[in-house]
Amino acid sequence: MKAIVINASPRKNWNTAELIKSAKKGAESAGAETEYFDLYDLSFRGCMSCLACKRKGNEPCRCYWNDDLPPLIEKILNANTLLIGSPIYFGEPTAQFRALLERLLFCVLSYDTRSSAFKGKLNIGLIYTMNAPRETYENIYLEKFKFHEHSLVRLLNGEVRSLASCDTLQVPDYSKYNMAAFSEEHKRKVHDEVFPQDLQNAYKLGAELSRI
Ligand SMILES: Cc1cc2nc3c(=O)[nH]c(=O)nc-3n(C[C@H](O)[C@H](O)[C@H](O)COP(=O)(O)O)c2cc1C
């Protein structure tokens with residue numbers, strides 16, 4: 001059992017990283033061997049539309065663009081579980097998250113059958129972190145993010161589950177920033193009372209998706 005764990009936040013020790021590391025521990029508790037990546041350490045772009053993955057004679061399910069991503073895509077497609085965390089930037093997961101998805105999903109999509117060329121089964125856990133309160137996540141974001149989740153289920157054949165950590169603490173000391181729209185008192189309360197539950201839920205997510 002192998003789990004690939006990815007932090008798609010540029011910040012290596014903040015909310016997303018903490019949660020995804022907790023999911024990693026959960027996967028390990030279920031017996032998975034894990035490998036962790038900070039996505040922003042890799043140099044890569046979104047899909048360059050070279051179409052090499054569709055070229056006759058070339059293997060499908062392989063990205064041919066020569067940057068840091070193909071080795072990671074190969075590891076993901078050989079794993080049983082993918083755990084990936086991303087902050088929400090302007091209502092969407094980060095640009096790097098999206099770039100990874102473009103490359104991963106396009107190389108498994110068959111233009112012969114309009115379905116997946118991937119014969120394996122990859123369970124996927126998505127962890128989103130955001131400033132927005134839970135109501136905004138449930139009323140607006142949840143529906144939007146289902147689009148990515150649907151593509152992941154359709155093309156990677158496994159189970160996809162998601163978890164949101166809302167109203168996150170964005171900086172250690174709000175008094176040092178122009179952030180008057182946010183109440184530090186409220187943010188700290190959520191961080192002290194709700195974030196520990198989010199960490200536990202992330203642990204459970206990693207464990208459950210690695211057991212299936
Ligand atoms: C460029 C940028 C855009 C953001 N846009 C949103 C947004 O649209 N909605 C939201 O809820 N939070 C937004 N945030 C806040 C982050 O999603 C939130 O602080 C997140 O928990 C950061 O994750 P990290 O602590 O792992 O870096 C934004 C933050 C940045 C830096």
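Select Glu184 first: leaving out residues up to four places away in sequence, Glu184 touches Pro172, Asp173, Tyr174 and Ser175, where contact means heavy atoms within 4.5 Å. The model is a predicted one, in which local features need pLDDT of at least 70 and side-chain atom pairs count only at pLDDT 80 or more, while totals for chains, interfaces and linings use all residues. Residues are numbered from 1 along each chain as its sequence is written, and side-chain values use heavy atoms, with hydrogens and water left out.

Glu184 has its place in helix H5; helices (H or I, at least four residues) and strands (E, at least two) are DSSP runs numbered from the N terminus. Because its relative accessibility is 25%, Glu184 counts as partly exposed; buried means under 20% relative accessible area, exposed over 50%, and partly exposed in between (1.4 Å probe, protein chains only).

**From H5 to H6**

Axes are lines fitted to C-alpha atoms, for helices over the stretch in contact, and angles run from 0 to 180 degrees between N-to-C directions. Val190, His191, Asp192 and Glu193 of H5 make the contact with Phe195, Pro196 and Gln197 of H6.

**From H6 to H1**

Keep H6 and select helix H1 (residues 15-29): the axes of these two helices come within 6 Å and cross at roughly 40°. H1 is therefore oblique to H6. Among the residues that meet here are Leu19, Ala23 and Ala27 in H1 and Leu199, Ala202 and Tyr203 in H6. By class, this contact of H1 with H6 has 8 nonpolar, 6 polar and 3 charged residues. Ala, Val, Leu, Ile, Met, Phe, Trp, Tyr, Cys and Pro count as nonpolar, Asp, Glu, Lys and Arg as charged, and the others, Gly among them, as polar.

**H2 and H3**

Next, display H2 and H3, which pack at an angle of about 65° with their axes 11 Å apart. The contact is made by Leu69, Pro70, Ile73, Ile76 and Leu77 of H2 and by Ala99, Leu100, Arg103, Leu104, Cys107 and Val108 of H3. These residues divide into 10 nonpolar, no polar and 1 charged.

**The nonpolar core**

Select Ile6, Ile76, Leu82, Met130 and Leu156, which touch the most other members of the largest nonpolar core, a group of 43 residues. Such a core is a set of buried Ala, Val, Leu, Ile, Met, Phe, Trp, Tyr and Cys residues joined through side-chain atoms within 4.5 Å. Helix H3 gives the largest share of this core, 9 residues. Centre the view on Ile6: leaving aside neighbours within four places in sequence, its contacts include Ile20, Phe37, Ile76, Leu82 and Leu100. A second, separate core of 14 residues includes Ile20, Ala32, Phe195 and Ala202.

**Strand E1**

Finish at Lys2, which lies in strand E1. Apart from neighbours within four places in sequence, Lys2 is in contact with Glu33, Glu35, Ala79, Asn80 and Thr81. Ser43 is 41 residues from Lys2 in sequence and 24 Å from Lys2 in space, C-alpha to C-alpha.

Methods:
Parallel < 35°, antiparallel > 145°, perpendicular 65-115°, else oblique.
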